[in-house]
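Student: I am new to this structure. Could you show it and take me through how its terms are applied?

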Amino acid sequence: MNTNGNLLEVKDLRTYFETEDGVVKAVDGVSFEVRQGETLGIVGESGSGKSVANLSLMRLIAEPPGKIVSGSITFRGRDILKLSPREVRAIRGKQIAMIFQDPMTSLNPFMRISKQLMEVTRLHLGHSKGEAREHAIRMLEVVGIPDAEARIDSYPHEFSGGMRQRVIIAMALSCQPELLIADEPTTALDVTIQAQILELIKRLKGETGASVILVTHDLGVVAGMTDHIIVMYAGKVFERAPTSELFGQPGNPYTRGLLRSVPDPAAEQGNLYQIPGQPPDLARLPGACPFAPRCERAEEICRREFPPFVQLTSEHSSLCHFADEVFAESQEAA
Amino acid sequence: MPVTPSEPPSILIGPEYAFAEEDVRELVGAEVIVGPSLWRDAWRRLMKNKLAVLGMVIVIATVIASLFGPSLIKAATGYSYDSIPKDPMLTKSFAPFRAPGGKFFWTHPMGTDNAGRDILARVLSGGQISLMVALISTLVSLLIGVSYGATAGYIGGRLDDLMMRIVDVLYSLPYVIIVIVLLAMLPAKTPTGQLAELFLALGAVSWLTMARIVRGQVMSLKNQEFVLAARATGVSTPKIILRHLVPNALGPVIVYATLTVPTVMLSEAFLSFLGLGVRPPRVSWGSLAAEGAQNLSVYPWQLIFPGVTMALMLLSLNFVGDGLRDALDPQMRKS
């Protein structure tokens with residue numbers, strides 16, 4: 001175990017994809033760490049590299065066309081990128097588990113729920129058929145599926161979306177992983193179910209002491225769930241801060257734009273704010289700040305030079321030429 | 001307006017509160033039933049298709065008749081497919097239900113061939129061989145085709161290119177020539193050996209389409225999230241192919257396998273007709289038809305009975321295959 005309390009340390013991760021248009025730098029120099037028992041939120045627009053970063057953590061990037069070009073992913077003191085495929089398989093599902101976005105497609109439609117749940121524990125915990133089945137029933141009860149014993153032999157199509165997401169969570173947690181990666185776990189669900197699923201993840205996290213990486217583009221979701229947040233844009237970390245600080249005092253114009261574009265139910269009717277423009281083409285990134293063309297604050301230097309990663313406080317950094325000024329402004333506003 | 005971190009919404013969870021997403025079961029008070037599997041659903045749809053059911057009945061009846069018929073006939077009349085009557089008066093072709101002198105006689109419902117052998121017995125044991133050839137070749141094509149196609153489709157990349165170019169090359173060669181060369185290169189010493197070679201030759205060429213179908217299926221399936229989910233739980237590649245991909249691709253595979261049976265049967269008949277297939281004293285529908293065709297103008301029953309039996313069988317198998325396709329892919333029927 002690491003001495004500094006970090007379960008996972010990602011340093012300068014770069015995952016590129018070879019395409020006909022050139023090399024797409026989906027993740028380009030991302031660093032972050034996850035402490036024991038904490039929840040890290042990763043937010044960003046579609047295509048900002050959130051999912052690719054997480055798939056890279058488990059070495060699930062399809063090669064070709066993808067490739068992890070450089071960096072290190074230290075999980076419990078071992079670099080995942082240096083392990084053999086067999087060693088990585090032993091970690092997947094056992095120590096690091098993943099919950100996917102769409103519960104409609106992440107269960108095998110031709111396999112009974114029981115068989116899919118049992119597959120994991122038989123593989124990693126060496127359960128016999130009977131033990132695995134008992135364990136599976138217990139897990140379904142833990143995630144709140146009524147009549148678990150009767151419903152365990154159902155097929156996925158007999159479950160509603162929220163129920164399926166519960167099954168997937170049961171599957172992810174059945175080996176008591178130390179790190180749970182939830183890749184937009186509630187995007188495909190409606191709002192009431194979203195809250196239930198988030199509460200469930202939160203409760204189980206508390207019970208098992210697992211660390212969680214929560215990927216989402218919904219700022220409301222991360223607000224109540226996470227300890228730290230990183231904001232990604234164009235494959236890079238734009239801002240990293242403790243949750244309350246990020247929401248209270250953003251130090252990056254992009255984060256500010258994101259926060260402003262969240263609809264406020266209390267506000268008068270009017271136009272919703274949106275960040276102008278489109279995310280850049282990741283195959284043709286300029287040498288300058290990738291957000292500059294859409295940024296309100298952009299000045300000449302932003303279109304010319306790549307911004308520095310400015311340390312604002314001990315735990316708060318921002319990728320911007322004017323990080324200090326933006327930070328000071330939001331401090332005044334608050 | 002910046003959002004401030006708020007207290008999480010206090011929503012109660014647990015089985016007792018899961019009502020909102022629970023189905024209507026509790027409202028109607030019905031028992032929990034383990035729902036029908038997708039296969040049972042397909043079976044129900046298949047049973048609604050009259051033509052497919054008729055086809056299945058004919059296929060099953062023919063199979064049973066071929067399996068047990070020859071020994072029943074032997075018990076009833078003393079004739080087997082290769083027994084030539086000792087009486088020289090009887091070693092010629094009689095019309096159905098006719099004895100010497102043109103009288104009605106029940107022994108030969110399909111008549112006899114030039115040597116006086118019972119055509120019914122010959123058609124039924126010919127059926128044994130034809131069915132066996134078709135079945136074994138289809139199994140070979142299933143085995144090779146599914147594993148080859150699934151491997152190529154799942155691994156992809158350069159290996160896929162290589163494997164599929166091999167299939168393309170084999171495709172471009174006319175299969176008759178491959179089979180003829182195979183059979184000519186390895187001359188069998190016994191009729192049984194010849195039969196084994198026939199299985200081999202037909203199996204060797206019939207897996208190509210199967211491999212392509214399975215590869216296509218696997219390629220569209222492998223990008224689905226459940227495959228990624230299986231990989232994320234640490235399942236190994238062979239297990240993903242066998243347990244997650246192949247079962248999902250099984251629908252088209254079953255349909256195509258059902259349609260391969262008649263195709264192979266026809267190929268066998270064609271080869272036997274050319275004298276490359278089953279050798280005497282063994283018979284198949286193809287070799288019977290070849291014999292019968294020589295005497296068509298004089299003794300038409302020698303061709304009609306094996307021909308009609310085989311045509312009926314092929315037609316029925318095709319009905320079953322079409323029915324299976326509709327049953328396993330209900331979306332297709334609507335269009």
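**Helices and core**

Tutor: Helix H4 (residues 119–155) of chain B and helix H5 (residues 157–172) of chain B have axes that come within 7 Å and cross at roughly 145°. This is a predicted model: local features need pLDDT of at least 70, side-chain atom pairs count only at pLDDT 80 or more, and totals for chains, interfaces and linings use all residues. Residues are numbered from 1 along each chain as its sequence is written, while chains are lettered from A and ligands numbered from 1 in the order in which they are written.

Student: What makes residues of H4(B) and H5(B) part of the contact?

Tutor: Two residues are in contact if their C-beta atoms, placed from the backbone, lie within 7 Å. H4(B) brings Tyr148(B), Ala152(B), Gly153(B) and Ile155(B). H5(B) brings Gly157(B), Leu159(B), Asp160(B), Met163(B) and Met164(B).

Student: Why is H10(B) called mostly covered?

Tutor: A residue is buried if 20 or more other C-beta atoms lie within 10 Å of its own. In helix H10 (residues 285–294) of chain B, eight of the ten residues are buried, so the helix is mostly covered. Among them are Trp285(B), Leu288(B) and Glu291(B). The buried residues of H10(B) pack against H4, helix H9 (237–273) and helix H11 (301–328) of chain B.

Student: Which residues touch the most other members of the largest nonpolar core?

Tutor: Ala170(A) and Ile213(A), in a core of 171 residues. Such a core is a set of buried Ala, Val, Leu, Ile, Met, Phe, Trp, Tyr and Cys residues joined through C-beta atoms within 7 Å. H4(B) gives the most to this core, with 15 residues.

Notes. Axes fitted to C-alpha atoms, helices over the stretch in contact; angles between N-to-C directions. Helix = DSSP H or I, 4+ residues; strand = E, 2+ residues; numbered from the N terminus. Buried ≥ 20, exposed ≤ 12 C-beta atoms within 10 Å, placed from the backbone.
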